[in-house]
Amino acid sequence: APRDVTIMSDVTSSVSFPKGEGDAAWIKLNAGQHVPCRVAYDAESLAGLSRAVETMAIGPEDRAGLINDAFALAKAGHPSMPATALLSLVKSYVNETHATVWEAV
């Protein structure tokens, strides 16, 4: 699948993207966790990613990265990740089987 690349030129960066429907209702930024950065999602995007986690639609490195980012953002008090959003995301790992992901959870 084609991937768009955005190069950050400042400490923070915002990216806008069209919202899909159904299986395309989510986009995982920093796919593969290749860049050492935190990604904060809006509530709608996080809900789509939660469904993707629950159905194992994204790979283990991205499932681990998503929960690691969420914990770090919640701990820092970032407005995109209140405790209730973090707990909802954790709940989506109910079907998780990968040891690396469980270590992150």
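1. Arg38 is exposed, at 51% relative accessible area. The cut-offs are: buried under 20% relative accessible area, exposed over 50%, partly exposed in between, with a 1.4 Å probe and protein chains only. The model is predicted, so local features need pLDDT of at least 70 and side-chain atom pairs count only at pLDDT 80 or more, while totals for chains, interfaces and linings use all residues. Numbering starts from 1 along each chain as its sequence is written, and side-chain values use heavy atoms, leaving out hydrogens and water.

2. Overall fold. The chain has four helices and zero strands, in the order α-α-α-α. Helices (H or I, at least four residues) and strands (E, at least two) are DSSP runs, numbered from the N terminus. Of 105 residues, 30% count as buried. Accessible surface is about 7000 Å², with 57% belonging to carbon and sulfur atoms; areas come from the Shrake-Rupley method with a 1.4 Å probe, and for residues only the protein chains shown count as cover. Take contacts (heavy atoms within 4.5 Å) between residues at least 6 apart in sequence: 59% join residues at least 24 apart.

3. Core. The largest nonpolar core has 19 residues. Such a core is a set of buried Ala, Val, Leu, Ile, Met, Phe, Trp, Tyr and Cys residues joined through side-chain atoms within 4.5 Å. Tyr41, Leu46, Leu66, Ile67, Met81, Leu89 and Tyr93 touch the most other members. α1 (43–54), α2 (60–75), α3 (83–91) and α4 (99–104) each supply at least two residues of this core. α2 gives the most, with five. Leaving aside neighbours within four places in sequence, Leu66 contacts Lys28, Tyr41, Leu46, Leu49, Val53, Leu89 and Tyr93.

4. Helix α2. It has 16 residues and reaches 22 Å from first C-alpha to last, close to the expected 22 Å at 1.5 Å a residue. The expected span is 1.5 Å times one less than the number of residues. The buried residues of α2 include Gly65, Leu66, Ile67 and Leu73. These buried residues of α2 pack against α1, α3 and α4. Gly77 follows α2 with a positive phi, near 75 degrees.

5. Salt bridges. The whole structure has three, each a side-chain nitrogen of Lys or Arg within 4 Å of a carboxyl oxygen of Asp or Glu. Asp69 and Arg38 meet at 3.0 Å, N to O. This pair links Asp69 in α2 to Arg38 in the segment before α1, 31 residues apart. Asp69 is buried, at 4%. Asp62 pairs with Lys28, closest N and O atoms 3.6 Å apart. Here Asp62 in α2 is linked to Lys28 in the segment before α1, 34 residues apart. Asp62 is buried at 8%, and Lys28 is buried at 11%.

6. The third pair. Arg63 forms a salt bridge with Glu96, closest N and O atoms 2.7 Å apart. Arg63 lies in α2 and Glu96 in the loop between α3 and α4, so the pair ties together parts 33 residues apart in sequence. Arg63 is buried at 5% relative accessibility, and Glu96 is buried at 7%. Leaving aside neighbours within four places in sequence, Glu96 contacts Met56, Arg63, Val101 and Trp102.

7. Start of α1. Asp42 lies in the segment before α1 and is partly exposed, at 41%. Its side chain reaches the backbone nitrogen of Ser45 at 2.7 Å. The C-alpha atoms of Asp42 and Met81, 39 residues apart along the chain, are separated by 8.8 Å.

Terms used:
A polar contact is a pair of N or O atoms within 3.5 Å; within protein, one must be able to donate a hydrogen and the other to accept it, and residues adjacent in sequence count only if both atoms are side-chain atoms.
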